[in-house]
Amino acid sequence: MRKHYPLLSTLRPLLTLRDEVNTQLLAPEVKRLWKQAIRSKHWEGVRCSLRSAQAATLRRQSIDLSQDALQATLETESGALLLKELAFALRPWRIGPYQLGNLFIDSEWRSQLKWSRIGPLIRQEPGLRVADVGCSNGYFLFKLARNNPQLALGFDPVDRCWLQFALLQSIFRLPQYGFVPAGLSALEAFPQLFDLILCMGVMYHQRDPLAAVQQLYRAARPGAQVIVESLVVDRAGTECLVPQGRYAKMRNAWNIPTADALRSFMEQAGFSGIEVHRFGPITSAEQRRTEWAPFESLEDFLDPSDPSKTIEGYPAPHSAAVVGWRA
Ligand SMILES: C[S@@+](CC[C@H](N)C(=O)[O-])C[C@H]1O[C@@H](n2cnc3c(N)ncnc32)[C@H](O)[C@@H]1O
């Protein structure tokens, strides 16, 4: 087990919840991802470098998570090559950016732009239990460090996200921060536990978005704030677009809601004080191909002659967020 320490240490904050979490519900999915991340040949080199990274070479002098690119100054640049190779092996970096010592990780999404829209909507209190569901590598969770949460847990069912989070945590070392290697359905194991839940960029991947919002509700403590952000289609009404085949080349975009459909899901789930925020179209100033995410990106997903449509002819994605409170 010692050799898997960087991943194990991301689970440690869960121990503080052992009396409140239904571990029987959680265990199967965590085990599935554990096997994937620990046994897969694909990650062998990464696991080995992560251990060295955590052991010594990447001690941080200071961190500054208030910048657009989340920053760490390292005690020495002697681990710079190890860090670069490790981060490169973990590509693609979907969200970020990060400035780790001299290394700039220029992610596909310039997530500081989403943060500039969502950050001001978030309750500003210290000592909360917060969750970011679909956290990817944890950029938004790390941003929440400004409020000194009592506990901050990221949920994501993708092994690459877990390994990226483990690398970042081996540098940032925020003791109350953890990663649950499981998806939204794992929230069932965390009844009425969180004071703040972010769920961003996840809803349109759900086959049953209402059931997903109900799951968020059940994981929220009375008085909790829940923020659901999603790609939406800019239409009136409460329908979801159900694409035939792909949407913006995504195979797993099952239901693209309107902003009002998101509101309706929140109402039906029982949230009150609901606000809807419409942010307009996603642009390639925010989502683009980079050296750190060298694959197709937004400009390949939109109709080159009419960027108000996806390549398949559907309305191009906009962004919206709905904020609600559990009574
Ligand atoms: C479009 S990214 C959004 C990342 C980030 N939350 C943001 O808003 O920029 C979607 C993330 O959700 C994760 N995801 C996919 N299915 C999920 C599920 N069922 N539950 C939770 N997360 C999921 C993916 O692995 C990915 O990291």
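Which residue in β15 stands opposite Gly-280? The model examined here is predicted, and local features were accordingly taken at pLDDT of at least 70 and side-chain atom pairs at pLDDT 80 or more, whereas totals for chains, interfaces and linings use all residues. Residues are numbered from 1 along each chain as its sequence is written.

The residue opposite Gly-280 is Ser-319, and β12 and β15 pair in the antiparallel sense over seven bridges; strands are DSSP runs of E of at least two residues and helices runs of H or I of at least four, numbered from the N terminus, and pairing requires at least two DSSP bridges. Both strands belong to an open, mixed sheet of seven strands in the order β7-β6-β5-β8-β9-β15-β12, in which β7 (177–180) and β12 (272–281) are the edge strands, each pairing on one side only. From one strand to the next the twist averages 15 degrees. Helix α8 (209–219) packs on this sheet, touching β5, β8 and β9, and its direction makes about 150 degrees with that of β9; contact denotes C-beta atoms, placed from the backbone, within 7 Å, and angles run from 0 to 180 degrees between N-to-C directions of axes fitted to C-alpha atoms, for helices over the stretch in contact.

In helix α5 (111–118), the buried residues are Ser-111, Lys-114 and Ile-118, a buried residue having 20 or more other C-beta atoms within 10 Å of its own, with C-beta atoms placed from the backbone. Seen down the axis of α5, these residues fall within an arc of 55 degrees, so they line one face of the helix, the arc being that of the directions from the helix axis to the C-beta atoms. Their cover includes α6, β9 and β15.

Terms used
Buried ≥ 20, exposed ≤ 12 C-beta atoms within 10 Å, placed from the backbone. Contact = placed C-beta atoms within 7 Å.
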